[in-house]
Amino acid sequence: MTSMKLRSPIKTLRGKILISLFFLIILPVVTILYRFYKSSEDIVQIGLDQSNQAAVSQKATAMNEMAVRMITASSLIINDPETEKFLKEPADWSNNYLSFIQLTNLHKKMSNVKDLLLDSTTQLGLYDNRGFTHTTWSAVTPTNVETFYKESWYEPTLKRNGFPYWTVPYSLPSSTAKQDLVVMTRQINGEYTSNYGVFFISVPIPVFFYPNAEIQRQQASGITSALIDENQKLLIGDQAAAELLANHALQNVRTNANGIQEVKIKDHVYFMNDAYVPQLGWRLVQFMNQKDFATQLSREKDKSITWVVAWFLLFAIAFIVLMLRVTSPFKQLAKSMTKVGKGEFNTLVTIKGEDEIAMLGNYFNRMVLHLQDLISDLYDEQRRKQKAQFQALQAQINPHFLLNTLNSIKWMALLSGADHISEMITKLGKLLNFTMRNEQEFVTLQEELDYLQVYLSLQEIRYHDQITFTYRIPEALLDCEVLKFTLQPAVENSIIHGNRFPLLIELQAEEVGGHLHIVMQDNGVGMSMEMIEQVESSLNQPHAKFSGIGIRNVNERIKLHFGMQYGMHISSVEGEGVRLRLILPLKRRNTDAENSDR
């Protein structure tokens with residue numbers, strides 16, 4: 001008896017559980033707790049600063065994109081030759097149809113530019129020096145040109161000679177709802193003439209800057225946002241922003257050890273994030289009081305603690321899942337044993353590894369395979385018993401006794417002058433001789449034809465030569481093996497159910513795609529589609545009971561011996577006979593092997 005080899009602890013089930021517990025729960029949790037208490041404040045502080053900086057940069061980018069779209073929209077209008085042509089000609093569109101079309105095209109173009117490049121909150125307008133205002137909200141309005149001069153943006157706009165001028169904040173005097181806007185104005189110049197008028201685009205400050213709800217959220221978090229120009233003048237911002245900038249806060253900005261910008265204003269320290277708006281030359285600045293930051297930091301610590309608890313839960317779930325995976329082979333093994341107990345001996349378990357479960361699985365698989373071998377041996381023995389019982393049953397009628405008796409009857413018929421009876425008995429003896437050769441289950445196609453011709457010769461005597469049988473079979477296919485009694489039941493079916501005499505039966509064979517196809521056609525009355533479907537259903541009915549050697553018997557035997565892809569197919573047209581096709585594997589008789597066996 002050989003001694004059992006000691007396995008490594010890593011390969012044992014207990015070792016796997018202990019190692020998993022250490023690496024999946026204990027070590028990660030200890031590491032997280034250590035890093036959390038070591039550098040949580042600095043990490044959270046840097047993370048918040050980066051998050052705020054990303055938000056400020058994103059908003060500055062959105063402002064810059066809005067400014068670019070406004071400049072692009074204005075360029076599409078003021079640089080269009082049709083706009084210059086419209087502004088040069090007299091404003092008589094009420095009487096001149098061409099002028100009216102130009103006016104319509106201008107307003108349509110302004111509306112299209114607004115829809116394509118801007119949004120519904122943006123407004124476009126053109127102050128015409130001929131004394132009219134063209135806008136996207138009120139179409140054409142007569143206006144005193146002198147009122148343009150009173151606007152704060154008019155003179156600066158003319159000085160920029162076609163370049164954009166920005167006014168923040170601004171409120172349209174013609175608007176009923178007073179709303180602070182960001183306004184861009186540009187002088188309209190022609191190819192040879194300057195100052196046809198002024199084009200402007202306005203955007204509500206909540207759309208360009210921050211919505212009111214976002215401003216309130218920032219204030220609740222201790223954040224103050226401001227938009228300043230290149231001279232550090234406040235353009236957009238609340239009173240808190242104005243107070244912070246009034247102390248020249250941006251001149252005292254420094255960077256702390258964590259890389260965060262901070263500034264001290266009236267004994268208060270503020271963290272600062274800013275981003276540049278290149279198209280306008282402005283800066284978006286955000287301030288956060290350090291005390292508010294500490295409050296936010298405390299919330300982040302709470303989040304971190306929550307994350308620690310979540311990690312604990314996650315590791316616990318991972319450990320449970322691992323335990324389930326480790327123990328699942330036991331469940332699989334139990335299911336397989338249950339199947340074996342119910343008689344399903346084809347079940348095996350798949351368990352990888354070298355631990356105790358894998359050993360049990362391997363022993364179980366060996367037992368199942370051994371049972372399969374025992375069942376196979378028992379099945380073979382049972383088949384041999386059944387075959388022996390069949391042969392014993394068949395041997396109950398002594399072939400020699402039966403043939404000798406027929407031979408005696410034959411000579412009595414000859415002595416009595418009944419030659420036709422002698423001929424029938426001779427052919428019947430040949431049929432019996434072929435039938436009782438039970439040592440072979442397969443015969444060649446030639447042998448099956450010989451037996452069929454003897455059978456037909458008896459039928460011709462019976463039906464007074466009203467049956468004609470012809471066949472066309474290539475000589476190369478005559479040595480193909482077929483099941484014994486394959487053709488005779490089909491011919492008998494035509495004789496019985498053909499219901500037409502004289503009856504013509506044609507038989508041909510061919511090789512199709514590596515298979516043997518045998519086709520038999522008669523000139524009987526044929527079959528209806530309903531009858532064909534009924535017969536086909538009967539042929540394909542599994543384990544159907546039958547008596548005698550009929551076509552259903554032939555079809556069942558073919559499928560049992562060769563597979564479900566082979567068998568019998570029937571087609572017919574009423575009044576034109578029945579066509580029966582047998583599909584068999586193409587197997588040729590091995591003459592040498594046959595002779596050696598004999």
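Phe148 counts as buried, because its relative accessibility is 2%. The model is predicted. Phe148 sits in helix H4 (residues 146–149) and belongs to a cluster of linked aromatic rings. The chain has 598 residues, and 39% of them count as buried.

**Phe148 and its ring cluster**

- Ring pairs join Phe148 to a cluster with Tyr127, Trp137, Tyr149, Trp153, Tyr154 and Phe200.
- Beyond its neighbours within four places in sequence, Phe148 touches Tyr127, Asp128, Asn129, Thr133, Thr143 and Tyr154.
- Two of these contacts, Tyr127 and Tyr154, are also members of the ring cluster.
- Tyr127 is 21 residues from Phe148 in sequence. Their C-alpha atoms are 8.0 Å apart in space.

**Aromatic pairs across the chain**

- The count comes to 15 aromatic pairs.
- One of them joins Trp93 and Phe132 in an edge-to-face arrangement. The ring centres are 5.0 Å apart, with 65° between the planes.
- This pair links distant parts of the chain, 39 residues apart. Trp93 is in the loop between helix H2 (81–88) and helix H3 (97–117). Phe132 is in strand E2 (residues 132–135).
- Both Trp93 and Phe132 are buried.
- Phe442 and Phe562 form a tilted pair.
- Phe562 is buried, because its value is 15%. The cut-off for buried is under 20%.

**Charges over rings**

- Lys59 lies over the face of Tyr210, 5.3 Å from the ring centre.
- Arg130 places its charged end over the ring of Phe86, at 4.8 Å from the centre.

**Helix H3**

- H3 has 21 residues, so at 1.5 Å a residue it should span 30 Å. The end C-alpha atoms are 30 Å apart, which agrees.
- Its buried residues are Ser99, Gln102, Leu103, Leu106, His107, Met110, Val113 and Lys114.
- Seen down the axis of H3, these buried residues fall within an arc of 130°, so they line one face of the helix.
- The face turned away from the buried side carries the exposed residues Tyr97, Leu98, Asp115 and Leu116.

**Backbone details**

- The peptide bond from Val168 to Pro169 is cis, with omega near -10°. Pro169 lies in strand E4 (residues 165–170).
- The peptide bond from Phe501 to Pro502 is also cis, with omega near 0°. Pro502 lies in the loop between helix H14 (488–497) and strand E16 (503–512).
- Asn161 is not a glycine, yet its phi is positive, at about 50°. Asn161 is in the loop between helix H5 (154–159) and E4.
- Asn161 counts as partly exposed, because its relative accessibility is 45%.
- Asn499 has a positive phi near 55°, and this residue too is other than glycine. Its place is in the loop between H14 and E16.
- Asn499 is exposed, because its relative accessible area is 57%. The cut-off for exposed is over 50%.
- The loop between H14 and E16 therefore holds both Asn499, exposed at 57%, and Pro502.

**The chain as a whole**

- There are 17 helices and 19 strands.
- Among contacts with a separation of 6 or more, residues 24 or more positions apart account for 60%.
- The accessible surface of the chain is about 35600 Å². Carbon and sulfur atoms make up 56% of that surface.

Definitions and conventions: Residues are numbered from 1 along each chain as its sequence is written. This is a predicted model: local features need pLDDT of at least 70, side-chain atom pairs count only at pLDDT 80 or more; totals for chains, interfaces and linings use all residues. Side-chain values use heavy atoms; hydrogens and water are left out. Rings of Phe, Tyr and Trp (its six-membered ring) pair if their centres lie within 6.5 Å; planes under 30 degrees apart count as stacked, over 60 as edge-to-face and the rest as tilted. Helices (H or I, at least four residues) and strands (E, at least two) are DSSP runs, numbered from the N terminus. Buried means under 20% relative accessible area, exposed over 50%, partly exposed in between (1.4 Å probe, protein chains only). A charge sits over a ring if NZ of Lys or CZ of Arg is within 6 Å of the ring centre and within 35 degrees of the ring normal. Contact means heavy atoms within 4.5 Å. Accessible areas come from the Shrake-Rupley method with a 1.4 Å probe; for residues, only the protein chains shown count as cover. The expected span of a helix is 1.5 Å times one less than its number of residues. The arc is that of the directions from the helix axis to the C-beta atoms.
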